[in-house]
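Here's a quick look at how one model is put together. Have the viewer open while you read.

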Amino acid sequence: MSENPAVQSPIEGLLDLLREAVEGGVPGEGTSFLDGTARDGSGNHGLLATLAALSAEQASRDVGGTSVAGQARHTALHLEVLVRWDRGERGPFDWKGSFLPAAVSDTQWAEVQSRVRRAYEGAVALARSWETRPLDGDVTGGLAGATAHVAYHLGAIRQMVKAQG
């Protein structure tokens, strides 16, 4: 963290965006790209809240050849790969298979949501460890890419939910 609290590090700035995408806006405060979360916590449009509002049956519905469960599982893998990449693991990663299975039971849906949370927490922990590293493309590009990827899939998931009515 910067010695001057008014100056935000690039890592902290990217983490703010990732947090908004995953956790939603801070209640009662402005947001960067999502609709704001009300002071009482309602209106949270982050990934975790969006997933939690769905049943396993809703998450399993095919919408345009994929499901919310598949999108969530894929998003978790991407965050996990960020951490694995930093540890030197270069794959191969089963990106296509990460969307499967598309249908989930109640127990499986709870696990998918837990996996997304764990993957997010792992990515945040990794990013915090980068605060003392020299900034380079792996650091900023990895975190920026992960943030953009989560935001993209959050948008896809929210559109799929709307399509379900």
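In which helix is the place of Arg128? Arg128 sits in helix α5, where helices are DSSP runs (H or I, at least four residues) numbered from the N terminus.

A note on ground rules: this is a predicted model, where local features need pLDDT of at least 70, side-chain atom pairs count only at pLDDT 80 or more, and totals for chains, interfaces and linings use all residues. Residues are numbered from 1 along each chain as its sequence is written, and side-chain values use heavy atoms, with hydrogens and water left out.

Arg128 counts as partly exposed because its relative accessibility is 39%, between the cut-offs of under 20% for buried and over 50% for exposed (1.4 Å probe, protein chains only). Leaving out residues up to four places away in sequence, Arg128 touches Glu12, Leu15 and Arg19; contact means heavy atoms within 4.5 Å.

| Helix | Residues | Contact residues, including |
|---|---|---|
| α1 | 10-23 | Leu14, Leu18 and Val22 |
| α6 | 137-164 | Leu143, Val150 and Leu154 |

Their contact residues split into 13 nonpolar, 2 polar and no charged, with Ala, Val, Leu, Ile, Met, Phe, Trp, Tyr, Cys and Pro counted as nonpolar, Asp, Glu, Lys and Arg as charged, and the others, Gly among them, as polar. The axes, lines fitted to C-alpha atoms over the stretch in contact with angles from 0 to 180 degrees between N-to-C directions, come within 9 Å and cross at roughly 15°. So α1 is roughly parallel to α6, a label for angles under 35 degrees.

Technical notes:
Helices (H or I, at least four residues) and strands (E, at least two) are DSSP runs, numbered from the N terminus. Angles under 35 degrees count as roughly parallel, over 145 as roughly antiparallel, 65 to 115 as roughly perpendicular and the rest as oblique.
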